[in-house]
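Hello,

Here is the structure we talked about passing on. My notes follow below it.

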Amino acid sequence: MQILQNIGTYAIVFTVGGVLCAIAELLIIRTKLTPARILVIFLIVGIILEGIGVYKYILDVCQAGISVPIVGFGAALAKGSIEMARSVGFVGAFAGGLVRTAYGVGVAIVMSYLVTLVFSPRAK
């Protein structure tokens with residue numbers, strides 16, 4: 001029974017992540033938006049969803065499908081800023097997002113360094 005539940009969870013996560021990728025791909029193909037601008041749009045969507053309080057409910061249903069992409073990073077920035085602003089004040093709004101996402105950014109930097117050691121990339 002647990003295996004069927006896990007398969008259902010994986011299907012939801014895969015579908016949601018795939019839909020987000022498909023939306024980004026459609027924006028690249030159908031518009032003149034650059035990938036960097038699409039990245040910023042997804043980041044801002046995550047911030048808005050967290051800001052209006054909807055992201056929590058979407059996360060309950062979609063799980064890692066919505067939290068792993070850049071939308072989840074935007075929501076984490078917003079959540080950290082909101083929490084620190086409530087506890088520290090106005091200045092906390094600027095520091096909260098950094099404090100909340102520092103661990104993930106740090107891991108990404110270390111892992112990218114380790115990958116460069118293994119694969120020795122070269123500029124083209």
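Thr 101 is buried, as its relative accessible area is 8% (buried is under 20%, exposed over 50%, partly exposed in between, with a 1.4 Å probe and protein chains only). Please note that this is a predicted model: local features need pLDDT of at least 70, side-chain atom pairs count only at pLDDT 80 or more, and totals for chains, interfaces and linings use all residues. Residues are numbered from 1 along each chain as its sequence is written, and side-chain values use heavy atoms, with hydrogens and water left out.

Thr 101 sits in helix H6, residues 92-119 (helices are DSSP runs of H or I, at least four residues, numbered from the N terminus). Its side chain reaches the backbone oxygen of Gly 97 at 2.7 Å. Beyond neighbours within four places in sequence, Thr 101 is in contact with Phe 73, Ala 76 and Leu 77 (contact is heavy atoms within 4.5 Å).

Next, the core. The largest nonpolar core has 11 residues, including Val 16, Phe 42, Tyr 55 and Ile 66 (a set of buried Ala, Val, Leu, Ile, Met, Phe, Trp, Tyr and Cys joined through side-chain atoms within 4.5 Å). Helices H1 (2-30), H2 (35-51), H3 (55-62) and H5 (70-87) each give it two or more residues. Val 16 touches Cys 62, Gly 65 and Ile 66, not counting residues up to four places away in sequence.

Last, the rings. There is one aromatic pair (ring centres within 6.5 Å; planes under 30 degrees apart are stacked, over 60 edge-to-face, the rest tilted; Phe, Tyr and Trp count, Trp by its six-membered ring). Phe 90 and Phe 94 form it edge-to-face, at 5.3 Å centre to centre and 85° between the planes. Phe 90 and Phe 94 are both exposed.

Best wishes

Terms used
Polar contact = N/O pair within 3.5 Å; in protein donor to acceptor, adjacent residues only side chain to side chain.
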